[in-house]
Amino acid sequence: MRLSLIPISIVLHAVAAVNALWPIPRSLETGNSLLKLSPSFDIQFEVGSGLSPPQDLLDAISRTKHRLWNDKLGRLVVGRGEDARIGLQNAPSLSLLTLTLDHTSQQTTDSDDDGASTTSDLLLPISVEAVKDIGSRREEYSLKLFADGSPAVIKANSSLGLLRGLTTFEQLWYWIPARDAGGDVNEEDGDDRGIVYAYQAPVVIERDYPAFPYRGFMLDTARNFFPVDDIKRVLDTMSSVKMSVFHWHVVDSQSFPLTIPGFEKLAQKGAYSSKEIYTSSDVQSIVKYAAERGIDVLMEIDVPGHTAIIAKAYPEHVACPDAMPWSQFAHEPPAGQLRLASPSTTEFTVSMLSSIARTLPSKMFGTGGDEINENCYQKDPSTQEDLKRSGASFEQALDLFTQSTHGALRDLGKKVVVWQEMALDHRIHLENGTIVTVWKSSKHAAKVVKKGFRVVHAPSDYFYLDCGGGEWFGNAPGTWCDPFKSWQKAYTFDPLASLTSAEAILVLGGQQLLWTEQASPENLDPIVWPRAAVSAEIFWTGPRLPSGQFRSVEEALHRLHDPKWCALRPGQCESGGLPSLVWGFSLRKLAKIFKYYKRVVVSLKNKYFENVGFNEL
C-alpha cells in the first residue's frame, strides 16, 4: 500500500499528503525536503522517566528497524524515486528516533486485594493495553520528523500509543537501490545497500488518535481451516494499518477445530482432520501474538444456532442434526441446533463457553445468536417435550438459555457480543452492556442504537468480503449478498448515518468480514487485502482528512490501490483516459478551481475597464 502521487509543478490550493500513510492521521503537516535514514539509525526509549520499556515494546522497535531496512519499497511514481537520487547526496541524515511518554502515562491505577485503588509508576506492556475494555484503550500519539536530521520524536501516553506511532513512522520511508562506482544499480542484499529516505520532511502529526476504538476484521475458520501461520500473517497486516480487533469466528456447523479444556471430544470428533485443530497452545500463541501487535482477539462460539457439528461428539444436545431437506431447518447445510429448551443442554453450553472464555484475556466474548431456525425445534420431539414440561414458549426458552449463557460470561468479566437478531428479532432480555454486531443491512444500526445497545458495524451491503463470488451450492446464479463489495463501495460507508449525536456515542466502530465457504489459505490474502484495510481508515481517521475535506474514493485511490500502470503514467487513467493536470484531483474539482480563477480574471478585467478606454485594451 505504499503508493504515491506524481509530483506536480503547478500552484493550486492543495495540500500534498504522505501517500503511503494508511490510515491517514487525523492531523498532518508535511514539507518537501529530502531526508535520509542513517546507516547507524536507532530507536531509543527515553529513560528520563525512570521506566523500563516492556519487552513487547522493545520487540516492536526491533520489527520497525528491520522493516525500514529490509522492506525496500520504492515510490510508485515515474522513475520509482530516481529523481530524488541527486538531492539525496547532500540530504541530512536521521540517526535517532526517540520514544517518550507523557507524564500522565506514568501513573496507572489498579486495585489491591481489598479493592482499594492504588497508583504505581508502571508502563504497561502493549499486550495488556490492547486487551483492556474496548472503551478505555489509549492509542493516541504525536510524531515529529525534522527536516534537518534532528532526532525524531514519537510521544504517547501508553505503550500502545507508541506502537501506533511506530506504525506511522514506518510508512514515511521509501527505498532506492545503491549504485556502484560505475553508476550502475547494485541490488545486493544488506542494510548498507540502497538508500532509505523520506521526501516530505518535516512531518508533524499532533494528537493522532482513533475516531472509534473497534477497528476489526472477522475470519471464519470453520468452513475452511487456516493454519496458525496464516492467521499470524493476517494479524501482522492488521497491525500495520492500526486495526484493533480480530473477530475469530472459530467454529460453526461445518467443523469444530477448537480444543476446549474439558471438551476435547468436540475437536476430536468435529474437526476436518487431526491436523486441522487449534490446540490450547495454538490459541494462546495467536492471542499473545495479536496482543503484542495491538490487537484484541474476540473469540465467537455461535449458539444456539450454527452448532450442528456438536452432534458428532454430543448428539443428545442437538436438535434436527443433518435433517433434510436442509433448507427447511437451516440457512445453509448442515442442519442442527442446540436444544435450547433442555436444562442439561443449557448447563452443557454454559460449561463449554466458560471453559474457553476463562482462558482468554479479552474483555469481550461472542455468542452469536443469529439465524436460529424455529422449524428445527418444532420438528424436534425432545425440544417439544422440554417446552411442554416447562410451560415455556420458544421465545421464553431462548430467553432463559440466553440469560444463563450470558450471565456465566459476565461472571467472568466478559462483555457479550451478539449478532443483531438477538436485539431486533427476539423477545429476550439483553443487558445494557451487550455489544450488537449489525450485519444484515447498514440500515439496521439505527434500530439497534435506539434500544440503547452499543453497535459494531458489519453490514453485508458494504463489508462482506465473500459476496459476489457465485453461489456454492445448487444451481443458483448468484449469492444473497451480491454484488462484489469493492473497496470503493466499502470506503463510502458512513458509520453515523441516520444517527443523532446522542446515538452516535454508542457506535464502537466496525469490521469487514470473510465467511470462508469459498476461501482457503490459498486465496486468503488477495480476498482480504487491501479491501479489509478500508475499515482501518474509516474507523481511525473518521469522516474528514487532515486537510478538512471529507474522505473520498478519488483521494484514497492513490494511497491504497492504484494500478501500477496508471501510477507510472499520471493522467492517462483519469476520467476514461482524458488527461488531468493534477493527479488525485478529478476534472470536476479542477473545473471548480479554474472557475474560481476565471471569476478573478473577470473581476480584474472589469476594474481595468473602469480606468482605461476600450480602445486602449
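Reader: Among contacts between residues at least 6 apart in sequence, what percentage join residues at least 24 apart?
Author: That share is 73%. Keep in mind that this is a predicted model.

Reader: OK. How many helices and strands does the chain have?
Author: There are 21 helices and 20 strands. The chain has 617 residues, and buried ones make up 54% of them.

Reader: Let's pick a helix. How many residues of H4 are buried?
Author: Twelve of twelve, so H4 is mostly covered, with buried meaning under 20% relative accessible area. Among the buried residues are Gly161, Arg164, Thr167 and Glu170.

Reader: What span should H4 have, and how far apart are its ends?
Author: H4 covers residues 159-170, and at 1.5 Å a residue those twelve residues should span 16 Å. The end C-alpha atoms are 17 Å apart, which agrees.

Reader: What happens at the start of H4?
Author: A side-chain oxygen of Ser158 comes to within 3.3 Å of the backbone nitrogen of Leu160.

Reader: And Ser159, is that one buried or exposed?
Author: Ser159 is in helix H4 and counts as buried, because its relative accessibility is 0%. Leaving aside residues up to four places away in sequence, Ser159 touches Pro54, Leu57, Leu123, Leu124, Pro125, Ile126 and Glu129.

Reader: Why would residues three or four places apart point the same way?
Author: An α-helix has 3.6 residues a turn, so residues at that spacing point the same way.

Reader: Which residues of H1 are buried, and what covers them?
Author: The buried ones are Asp56, Leu57, Ala60, Ile61, Arg63, Thr64, Leu68 and Trp69. Their cover includes strands E1, E2 and E10, along with helices H3, H4 and H7.

Reader: What about the span of H1?
Author: The 16 residues of H1 should span 22 Å at 1.5 Å a residue, and the end C-alpha atoms are 22 Å apart, which agrees. After H1 comes Lys72, which has a positive phi near 50°.

Reader: Different topic. Where is Lys489?
Author: Lys489 is in helix H15, residues 487-491. With a relative accessibility of 34%, Lys489 counts as partly exposed. Apart from residues up to four places away in sequence, Lys489 touches Asp461 and Tyr462.

Reader: How far are the C-alpha atoms of Lys489 and Arg531 from each other?
Author: They are separated by 9.8 Å, and the two residues are 42 residues apart along the chain.

Reader: Last one. What does the side chain of His558 make a polar contact with?
Author: With the side chain of Asp562, at 2.9 Å. His558 lies in helix H19, residues 553-560, and is buried, with a relative accessible area of 3%.

Terms used
Residues are numbered from 1 along each chain as its sequence is written. This is a predicted model: local features need pLDDT of at least 70, side-chain atom pairs count only at pLDDT 80 or more; totals for chains, interfaces and linings use all residues. Side-chain values use heavy atoms; hydrogens and water are left out. Helices (H or I, at least four residues) and strands (E, at least two) are DSSP runs, numbered from the N terminus. The expected span of a helix is 1.5 Å times one less than its number of residues. Buried means under 20% relative accessible area, exposed over 50%, partly exposed in between (1.4 Å probe, protein chains only). A polar contact is a pair of N or O atoms within 3.5 Å; within protein, one must be able to donate a hydrogen and the other to accept it, and residues adjacent in sequence count only if both atoms are side-chain atoms. Contact means heavy atoms within 4.5 Å.
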